[in-house]
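Please consider the sequence and the three-dimensional structure shown below. The paragraphs that follow lead through them step by step.

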Amino acid sequence: MTTTPPEFRSGFACFVGRPNAGKSTLTNAVVGSKVAIASSKPQTTRHAVKGIVTRPDAQLVLIDTPGLHKPRTLLGERLNDVVRATWSEVDVIGVCLPSDQRIGPGDTYLVQQVAALSRRPKLVALATKTDLVSGPRLREHLMSIGALEAELGLRWEHIIPVSALTDDQVDVVTDEIIGLLPPGPAYYPDGEVTDEPDEVLVAELIREAALEGVRDELPHSITVVVDEMGLREGRPEDKPLLDVFATMVVERDSQKGIVIGHRGSRLRDVGTAARMQIQTLLGTPVHLDLKVKVMKDWQRDAKSLNRLGF
């Protein structure tokens with residue numbers, strides 16, 4: 001049993017924001033390790049991923065959730081349910097408002113949804129992507145964020161400018177959120193950075209590699225299933241090899257062609273990029289066997305969603 005000092009704080013927080021507000025990149029920066037996949041495609045995050053920050057005085061469990069959006073499919077509805085369930089359970093919500101964009105109706109809607117929770121967590125406003133704007137533009141943005149208090153009837157505990165990309169003020173974000181957590185025990189052993197099973201992280205890394213450079217209509221249609229994963233038998237202890245057999249699932253035959261590419265070139269590129277990331281994550285040489293399968297309209301079909309773990 002881990003003993004914690006009497007003034008030890010612990011709790012749960014999550015970042016919210018419109019798609020592409022920098023939530024996953026900031027989650028990874030705070031945790032100091034890649035636990036959430038980040039992509040320029042909106043709606044990349046598909047389930048609540050937990051990143052864990054443990055310090056001598058505190059433990060922060062950061063939940064990376066999908067972005068709240070207007071659902072067009074059954075998958076979209078289920079992802080929104082995941083978001084709302086997470087919001088009602090955390091101690092602190094960090095609202096990500098990108099500095100390079102004006103605060104729009106999407107942001108206002110999101111903050112109103114958070115403010116309407118029956119058990120409202122403490123709120124921190126995060127002006128993300130500060131590396132993309134000038135000083136005067138940032139000051140203007142921070143004032144707009146401050147104005148939301150009166151406009152929406154809420155209170156920011158802190159308003160913090162931050163750039164996850166240049167690691168500017170990431171430590172300030174971590175310190176201020178931890179300062180808002182209640183006294184409590186450590187929920188996870190020291191050294192753990194996520195509670196996600198390796199298979200889930202591996203599937204996410206493959207999906208991230210598959211999303212790079214594909215057409216806009218594809219990202220929502222791709223999901224990845226790890227069929228089998230294990231160390232190859234009969235290998236010397238000092239030369240382990242991890243076999244990963246995975247399937248990329250798409251919704252239509254035409255999408256299968258896009259993912260495979262001309263003479264399999266695209267599939268090879270995805271495999272190479274994913275294998276490097278998996279090796280970095282798990283610290284073991286990897287043999288990755290990737291195939292592509294069509295599961296018609298899986299995002300809209302309850303049976304398919306259940307089978308794929310949504």
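Which β-α-β unit do S4, H3 and S5 make, a right-handed or a left-handed one? In this predicted model, strand S4, helix H3 and strand S5 make a right-handed β-α-β unit. Strands of a sheet pair through backbone hydrogen bonds, either parallel or antiparallel. S4 and S5 run parallel and are joined by five bridges; in one of the pairings, Val95 has Ala125 in S5 as its bridge partner.

S5 pairs in the parallel sense with strand S6, residues 156-161, over five bridges, and Leu123 stands opposite Trp156 in S6. Between S5 and S6 the chain passes through H4, and this β-α-β crossover is right-handed. S5 itself is mostly covered, with five of its six residues buried.

The interior may be considered next. In soluble globular proteins, nonpolar side chains tend to be buried together. Here the largest nonpolar core has 24 residues, and those with the most contacts inside it are Val16, Trp87, Ile93 and Trp156. Among the elements that give two or more residues to this core are strand S1 (9-16), helix H2 (74-87) and helix H4 (135-152). Not counting residues up to four places away in sequence, Ile93 touches several residues, including Val16, Trp87, Leu123 and Val124. A second, separate core has 23 residues, and Ile222, Ala246, Leu267 and Val292 are included in it.

Another part of the chain holds an open sheet of three strands in the order S7-S8-S9, with mixed pairing. Its edge strands are S7 (223-231) and S9 (286-294), each of which pairs on one side only. From one strand to the next, the twist averages 15 degrees. S7 pairs with strand S8, residues 242-250, in the antiparallel sense over eight bridges, and Thr223 has Val249 in S8 as its bridge partner. Helix H6 (residues 198-211) packs on the sheet and touches S7, S8 and S9; the direction of H6 makes about 130 degrees with that of S7. Helix H7 (residues 253-260) also packs on the sheet, touching S8 and S9, and the direction of H7 makes about 155 degrees with that of S9.

Finally, a search of the whole structure finds one aromatic pair. Phe12 and Tyr187 form this tilted pair, with 5.1 Å centre to centre and 45 degrees between the planes. The pair links distant parts of the chain: Phe12 lies in strand S1 and Tyr187 in the loop between helix H5 (170-179) and H6, 175 residues apart. Tyr187 is partly exposed, because its relative accessible area is 43%.

Note on methods. Residues are numbered from 1 along each chain as its sequence is written. This is a predicted model: local features need pLDDT of at least 70, side-chain atom pairs count only at pLDDT 80 or more; totals for chains, interfaces and linings use all residues. Side-chain values use heavy atoms; hydrogens and water are left out. Two strands pair if DSSP finds at least two bridges between them. Helices (H or I, at least four residues) and strands (E, at least two) are DSSP runs, numbered from the N terminus. Axes are lines fitted to C-alpha atoms, for helices over the stretch in contact, and angles run from 0 to 180 degrees between N-to-C directions. Contact means heavy atoms within 4.5 Å. A nonpolar core is a set of buried Ala, Val, Leu, Ile, Met, Phe, Trp, Tyr and Cys residues joined through side-chain atoms within 4.5 Å. Buried means under 20% relative accessible area, exposed over 50%, partly exposed in between (1.4 Å probe, protein chains only). Rings of Phe, Tyr and Trp (its six-membered ring) pair if their centres lie within 6.5 Å; planes under 30 degrees apart count as stacked, over 60 as edge-to-face and the rest as tilted. A crossover is right-handed if, with the strands pointing away from the viewer, the path from the first strand over the helix to the second runs clockwise.
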